[in-house]
Amino acid sequence: MARGKKKAGEINSSSMADIAFLLLIFFLVTTTMDVDTGMKRTLPKWVDTTEQQNDVDVNERNVLKVNVSKSGMIMVGTDEYVPNDLRRNGRHSRLSQEVYNFLTLPDRSAKKATEIDGMNYDISEGLVSLKADDETKYKIYLQVQDELTHAFNLYRDDISLKVYGKKYGELEDIQANNIRKAVPMRISEAEPNDQTKK
Amino acid sequence: MAVMAKKGKKEVPALSTSSLPDIIFMLLFFFMAATTMRETDPLVTVAMPEAHEITELDKKNLVNVWMGKPLSAKGQEGDALMIQLNDQTGDVADIQNFVAASAVTKKMDVQSLTVNLRVDEGATVGKLTAVKQELRKADALSISYAARAVENN
């Protein structure tokens, strides 16, 4: 008779899928997939108020002042208002055009020979000084920052095309690093006490 | 004969589901590897501003500072902006300690941290400047303005 060699019954594995599903759904609910995105900036080092008076001397010619008023009016330079038009359908805004011109045109900002990958290139020493009223909305402030970044990225594209024949965004890490070092994003965010003195 | 009788009503064999758990496990492991646990419960709501020129941030050295409207369930309601550091609300004055503490828990220098400022688009620049000044005092100079990509370019 077969009674002697009776086999142990197999474990029913049909519920395995259900268990795995349950775990899957648990992880789907408790986790986030989103990547953090943002605009990177570097703040200037903190200095005591006594030392703050003697700031680093930057040639006035190499500074482009961008002022944002309480209501969101944007002024470039000393007396020129630019419309607060946003970049739409791939068109550049007036603000980023102004900044780009400031960086590229020979009579606007001084150029300095900078070595990139063994060759010398003339790179603008232009600095954008951004000032915003304390009451300015952050949304507008960030839009302005966005346009400034865009202008610098356009400039980096130019340099990158000259050096590597490719746009900045298409470069490999090391090359992109070289460009980043040679063309730093010179955007200065004004100190709050600067706003009191006119 | 029994064998002969079966031949007549030949049936399609049932679809084998024995590999279903494996498939599901594979999915499970994918999600486990590709995602991170939600670390903190939001105490404030932040309407994230939009921007074009944004980059992906490395989560490893990221410290989040929220600034937004308090959620109605927790604490006071109103338009006043609240700052959230990790899982508790704080004040501008707490930022220095918070950054130092985060650097210790992440086993990193303060300088190599990136402070991600998740600021509500309705906040004012004055508030933001106050936070930035504290970060400068704390020597956390690498910051990022959190923003999401513009959807319709």
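Me: What share of the contacts in chain B with a separation of 6 or more comes from residues 24 or more positions apart?
Reply: The share is 71%. A contact here means two residues whose C-beta atoms, placed from the backbone, lie within 7 Å.

Me: What kind of model is this, and how are residues and chains labelled?
Reply: This is a predicted model, in which local features need pLDDT of at least 70, side-chain atom pairs count only at pLDDT 80 or more, and totals for chains, interfaces and linings use all residues. Residues are numbered from 1 along each chain as its sequence is written, while chains are lettered from A and ligands numbered from 1 in the order in which they are written.

Me: How do you know where confidence in chain B is lowest and where it is highest?
Reply: By pLDDT, the predictor's confidence in each residue, from 0 to 100. Chain B averages 80, and 84% of its residues score at least 70. The lowest mean, 53, belongs to helix 1 (residues 2-8) of chain B, and the highest, 91, to strand 9 (residues 142-146) of chain B. Where pLDDT is low, the predicted coordinates should not be read in detail. For the complex, the predictor gives an ipTM of 0.73 and a pTM of 0.75.

Me: What makes a stretch of chain B count as a helix or a strand, and how many of each are there?
Reply: Both are DSSP runs, numbered from the N terminus: helices are H or I with at least four residues, strands are E with at least two. On that basis chain B has four helices and ten strands.

Me: Why are strand 2 (residues 37-42) of chain A and strand 9 of chain B called paired?
Reply: Pairing requires that DSSP finds at least two bridges between two strands. Five bridges join these antiparallel strands, so they count as paired. In one of the bridges, Thr42(A) has Ser142(B) as its partner.

Me: What makes up the side of chain B that touches chain A?
Reply: There, 50 residues of chain B are in contact with 44 residues of chain A. Helix 2 of chain B gives the largest share, nine residues. The chain B side divides into 26 nonpolar, 13 polar and eleven charged residues. Nonpolar covers Ala, Val, Leu, Ile, Met, Phe, Trp, Tyr, Cys and Pro; charged covers Asp, Glu, Lys and Arg; the others, Gly among them, are polar.
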